[in-house]
Each structure stands twice: as C-alpha cells, then as structure tokens.
Amino acid sequence: SMEFTQVGSLTKELKDKEVLIRGRAHSIRAVGKKMAFLFVREGGFTVQCLASSETEGVTSEMVKFIAKLNRESVVDVIGIVSIPKNPIKGTTQEVEIQVRKLYCLNKAIPNLPINIEDAARSTTDLQAGQQFSRVNQDTRLDFRVLDLRTPANHGIFRIQSQVGIIFRQFLVSDDFVEIHTPKLLAGASVGGSAVFKLDYKGQPACLAQSPQLHKQMAICGDLKRVFEVGPVFRAEDSYTHRHLCEFTGLDVEMEIKKHYSELMDMVDRLFVTIFDSLNERCKKELEAVGKQYPFEPLKYKPSTLRLTFEEGVQMLKDAGVEVDPLGDLNTEAERKLGQLVLEKYDTEFYILHRYPLAVRPFYTMPCYDNPLYSNSFDVFIRGEEIISGAQRVHEPELLAERAKACGIDLKTISSYLDSFRYGVPLHGGFGAGLERVVMLFCGLGNIRKTSLFPRDPRRIVP
Ligand code: 4AD
C-alpha cells in the first residue's frame, strides 16, 4: 500500500520515483489514440500526467478511458515522476507524471455549469479583453461548490479562518472569556425593524441581530471581559456590496476603568495584531487572492490613528463636502473621508470617535461634557466601516430614558433593563463583521466573496 504524495509537493527531487496522487481531472487532452494528457489538480496545485500506450503496462483502452474522463472527476494516479524537456504551460508543478495506473473514484457530470479555469481567471485578464467566458457572481453563488475550488477562494477562506483564530488567541491571552449568547430572543436586540421574526412554541420571537444585550448582561454577571464569534441575523432591505442577512460577528465587551479610550486601545492592539499576523501567516493565501483579484496591501500604522467625528466633519468641509455635524455620515462621505485620511495620514485604517448621540443606539453613553455627542466610535478600512463600538449606559434610569427616547417599547427589554438594577461596573465594547474584515483587508469589492454560502435579501440557497 503506497502513501499519497500531495500534488503541491511534487518536485524534481522525486525524479524517477513512483508516486500515488489524488486530485481532480482539471483538464484532459488526447493526442491521437496513443497519448492522453491529464492535468490533475489538488488544492491550488496542478501537475501534468501523461499516459502513453507506448509505456509498458499501459493499454490503448486505458488511454481512451483517460481521454474520455469528465473534468472535475476525482482520480487516483500512480506513475513515475519525470522532468519534462520543456516547461509545461498551465501547471504549478515543474515535474510531470508518466502514468502507470489510473482509477476514477468519482465521476463528475460531463457539462459542468462552471468551468473552473474560467472561474479562476484574474480580473486583469478581463480588463485586457482576453477571450473567455466570464463567470458572473450569481452563477458562482448558485454553484458555489464549484466556485469554491479556485485558488483565490481557498485563500479567502483560509484567511477568514485565521482572522477568527488570531482574534481568539489575542483575547484569550488577554484574560477574556469566550461566551455564547442566545440567538433566539423574545424581542429585538437593538431595536429597529431589521429582525427575522419567528414562532417560539406559540410565542413571538426573533433571531438575534447582535449579541449586544447578552454580552452586556455577561458583564453584569461579573465575567469582566468577554468575546464571542457567532452568527448575527439582520433582515436587511438593502441589497448592497456589503450587507448580508446573516454574518459572523466578532464581538467584545469589557469593563473599563476610566475612559472609553480603553476600548479604542483594545481595537488598536487587537486589529494591528490581526493584520500583522495575516501578513505573516497567510503570504501564499494573500498572493492567491491577489492573483485573481489584484489589490494593494492594506496601509496601517503600528499605532492606529484616532480622529474625532468633529475633526472628520471639518476635514470633509475643507474638501468642499458639507455634512450634518450632528448627523451620520453616508457611505459616500465615509469613502471620501477615507481618501482624505489616506492623503493626510498615509493610513487606510483609522478610528473615528465621539459620534453625535442622535445617530447611535440607545445603550450608547453620552459624553459627560456634551450630551450631543457620545463615547462611541466606528472603525474604517479603506473608507468602509468594519467596527462600531461604545461605552454603554450603566445607570438603569438613564438607560430606560434613552431607550424610551429611541422609541423602544421598554417591555421588550425589561429583563435587560433589570440587569442594571443590581450594580454594574463601567463597561463598553465593540463589534466587527468577519466577512467585512476579510473583504476590506483583501480589497475585495463584494461581501459575497468572503461568505462561504451568503444569505442576502435575495438569496437563501445553496
Ligand atoms: O454596527 P453594528 O450594527 O453594531 C452592532 O451590532 C453593535 N451591537 C456592536 C457594538 O458592540 N456596539 O454591527 C457591527 C459590525 C459592523 O461594523 C459591520 O462590520 C458588521 O457588523 N455588519 C455587517 N456585516 C455584514 N452584513 C451586514 N448586514 C452587517 N451589518 C453590520
């Protein structure tokens, strides 16, 4: 019984050795009746396998069988590693395999809805006007299991996995506790209409739009510093490049000693660590993504820039963009400010804080010195929001008053409000969207590319 060799580790050192590989029939070409060329792909790697009926033990039936394989079928190949006279175009490995035996373990249908070679084409090929059939986003998502087979997608989901791992490692080593808050709730968690309603054994209920209320209640329970990686459900109406109806939230909540800047310190250290570690651990993956979707590495500083909302408004004003100083920034203004920040401070990652209170959720702490503003912040990558956070109101009377002022029916959050009657430390936190972090770190233009099986206002399959 032979051991399997990975296609990616087939090198010249293995010359004349017999190897066993498993992969997919990536492409097949017959030359007359005596020879067939088969590219076998495994992971992001491809190797050419050559079957010739002139080789001892290889019959012309076998050559015919290989020539008729359907693309993407799963095959085992046993053969001898050799070094081709001329470099082979279109494979990642510099050696080829002289086929001795081939088994088809699982046959793919003959006419695939997506051609993997086309799906893996780079956007620069497209711009250069090269002729091939473009695979559009919807087709990719309809047949996601095929689309996922491209090197860029393998890169994206390995990067996504690493973001979660680094997030956990960093926080656990800083004495945080990982928690799991309920996703079935009796009322809307943050207020607003963007909730999925459901029937909970005869009682009205909804899917959690955020771990917000329960992560704060964990602080009420003295867990001190908590985080969660979990699903967040939003019944979004907006069909955009950055909104999903289900995404993975990276949430943090912690006690603070004096000032909400402690939260921004945490964002700074945590995300700079995430970016540094991705650049270090995911070189190959970032390269694979960039090969299909070219992007510039994210520009960020070892210590993250902080601007106040007022400073941001002023920068926009100086550039001729008028915005409401006590309103929210729209997507366009956020983008513009991102550009201005890049020009002035040479960074694409920054924190904007002290937002107007009126545009923040009810649980946000107003500024002590000016209640028109709040102890809150948003964080941007390449001019788009990835995080929002704030110090929370911990006085039960003020909390109820703020909820009322925001039009929330107090009955729906009574157990949350009650949690603040038994003594609560100063605290705050923030939430990021995993898919957005990966999308923006890699400069990808659509969040559907960084969600394994995206759910958006128009899609709930596959
Ligand atoms: O800004 P959001 O709505 O804030 C909260 O949920 C707060 N409870 C967080 C807190 O601790 N204060 O969402 C947080 C982040 C956003 O910055 C964005 O990255 C992501 O979640 N996000 C979405 N990602 C994908 N699709 C959507 N529809 C998203 N909505 C928010």
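Predicted model: local features only at pLDDT ≥ 70, side-chain atom pairs only at ≥ 80, totals over all residues.
Q: At what angle do the axes of helix H10 and helix H11 cross?

A: Residues are numbered from 1 along each chain as its sequence is written. The axes of H10 (residues 309-318) and H11 (residues 331-345) cross at roughly 85° and come within 10 Å. That makes H10 roughly perpendicular to H11, a word used for angles of 65 to 115 degrees, whereas under 35 is roughly parallel, over 145 roughly antiparallel and the rest oblique. An axis is a line fitted to C-alpha atoms, for helices over the stretch in contact, and the angle runs from 0 to 180 degrees between N-to-C directions.

Q: Which residues in H10 meet which residues in H11?

A: Two residues are in contact if their C-beta atoms, placed from the backbone, lie within 7 Å. Here Gly312, Met315 and Leu316 of H10 meet Ala333, Lys336, Leu337 and Leu340 of H11. Sorted by class, this contact of H10 with H11 has 5 nonpolar, 1 polar and 1 charged residues, where Ala, Val, Leu, Ile, Met, Phe, Trp, Tyr, Cys and Pro count as nonpolar, Asp, Glu, Lys and Arg as charged, and the others, Gly among them, as polar.

Q: In which sense do E12 and strand E13 pair?

A: E12 and E13 (residues 349-353) pair in the parallel sense over 4 bridges, with Tyr350 of E13 as the bridge partner of Leu305. E13 and E14, by contrast, run antiparallel and are joined by 5 bridges, and there Tyr350 stands opposite Phe380 in E14.

Q: How many of the residues of E13 are buried?

A: A residue is buried if 20 or more other C-beta atoms lie within 10 Å of its own, exposed if 12 or fewer do, and partly exposed in between. In E13, 5 of the 5 residues are buried, so this strand is largely enclosed by the rest of the structure. Phe349, Ile351 and His353 point one way from E13, while Tyr350 and Leu352 point the other way.

Q: What covers the buried residues of H14?

A: The cover of H14 includes H6, E11, helix H8 (261-281), strand E14 (376-381), strand E15 (384-391) and strand E16 (427-433). Because 8 of the 8 residues of H14 (residues 434-441) are buried, this helix is largely enclosed by the rest of the structure. Just after H14, Gly443 takes a positive phi of about 60°.

Q: Where is Asp175 found?

A: Asp175 is found in the loop between H6 and E6, and its phi is near 70°, a positive value in a residue other than glycine. With 9 C-beta neighbours inside 10 Å, Asp175 counts as exposed. Asp222, placed in the loop between helix H7 (212-220) and E10, also is not a glycine and has a positive phi of about 70°.

Q: Which of the 23 residues around the ligand come nearest?

A: A residue is near a molecule or strand if its C-beta atom, placed from the backbone, lies within 6 Å of it. Ser210, Phe247, Ser388, Gly431 and Gly433 come nearest of the 23 residues around the ligand. E11, E15, E16 and H14 each supply at least two residues of this shell, and E15 gives the most, with 6 residues. By class, the shell around the ligand has 9 nonpolar, 8 polar and 6 charged residues.

Terms used: Pairing = 2+ DSSP bridges.
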